[in-house]
Structures are given as C-alpha cells and as structure tokens.
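Subject: Structure handover and notes

Dear colleague,

I am passing on the structure below, together with some notes on what was found in it. Please read the notes with the structure open beside them.

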Amino acid sequence: MTVERKPSTIDDYLKSVPEDRRSALKDLRAKIRSIVPNAEECISYGFPAFRLKGVVVAGFCATAKGCSYFPFSGESGQLI
C-alpha cells in the first residue's frame with residue numbers, strides 16, 4: 001500500500017501535474033504574483049493558493065481535462 005503525500009508547496013503540487021497543465025498553471029502563478037506581489041504562497045484545501053495578510057485571495061488547480069482558477073473576495077479586512 002502506497003501512502004500518497006500531500007504537497008506542502010506550490011512547487012511540490014506542480015511536480016505532480018501533467019506538463020500541458022503545469023505550463024498553464026506556472027503562467028497563472030506568475031500572473032498572480034505580478035498582481036499581488038506581497039502575497040504568501042501556500043496550499044489551502046489541498047490546492048495552491050495565495051494568502052495576503054492572512055486571507056486567501058486566489059487559488060488554482062489542475063483538473064482532469066484542464067485547469068481552474070479560484071478568485072476569493074478577500075473580505076476579511078483591508079488587504080492593500
């Protein structure tokens with residue numbers, strides 16, 4: 001029985017993604033970093049996310065047939 005290890009960083013997550021989707025997610029990661037440069041990268045609910053002042057503001061994941069982007073409202077206080 002193999003125990004599947006959950007990723008602890010975005011880089012770990014991306015290593016497990018097929019190349020076509022990995023490339024798209026790397027581009028998305030760079031775009032998010034350029035828009036919110038002070039955001040901390042993290043894994044939230046098992047997928048890559050970006051946290052600003054303790055609040056998740058964006059996330060993404062690979063799906064069976066493509067990729068998904070998750071914008072969050074950041075409603076838990078002033079972010080910028």
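How many bridges join strand E3 to strand E4, and do the two run parallel or antiparallel? Strand E3 (residues 55-62) and strand E4 (residues 67-71) run antiparallel and are joined by 5 bridges, where helices (H or I, at least four residues) and strands (E, at least two) are DSSP runs numbered from the N terminus, and two strands pair if DSSP finds at least two bridges between them. A hairpin of 4 residues connects E3 to E4, and within this pairing Gly-59 stands opposite Phe-70 in E4.

On provenance, this is a predicted model, in which local features need pLDDT of at least 70 and side-chain atom pairs count only at pLDDT 80 or more, while totals for chains, interfaces and linings use all residues. Residues are numbered from 1 along each chain as its sequence is written, and side-chain values use heavy atoms, with hydrogens and water left out.

Apart from its neighbours within four places in sequence, Tyr-13 is in contact (heavy atoms within 4.5 Å) with Pro-7, Leu-25, Ile-43, Gly-46, Pro-48, Cys-61 and Ala-62.

The structure also holds 7 salt bridges, each being a side-chain nitrogen of Lys or Arg within 4 Å of a carboxyl oxygen of Asp or Glu. Asp-11 pairs with Arg-29, their closest N and O atoms being 2.8 Å apart, and this links helix H1 to helix H2 across 18 residues. Glu-41 also forms a salt bridge with Arg-29, again with the closest N and O atoms 2.8 Å apart, and here strand E1 (residues 40-44) is linked to helix H2. Asp-11, Arg-29, Arg-33 and Glu-41 are linked in a network of salt bridges.

As for accessibility (buried under 20% relative accessible area, exposed over 50%, partly exposed in between, with a 1.4 Å probe and protein chains only), Arg-29 counts as buried at 16%, whereas Asp-11 at 43% and Glu-41 at 30% count as partly exposed.
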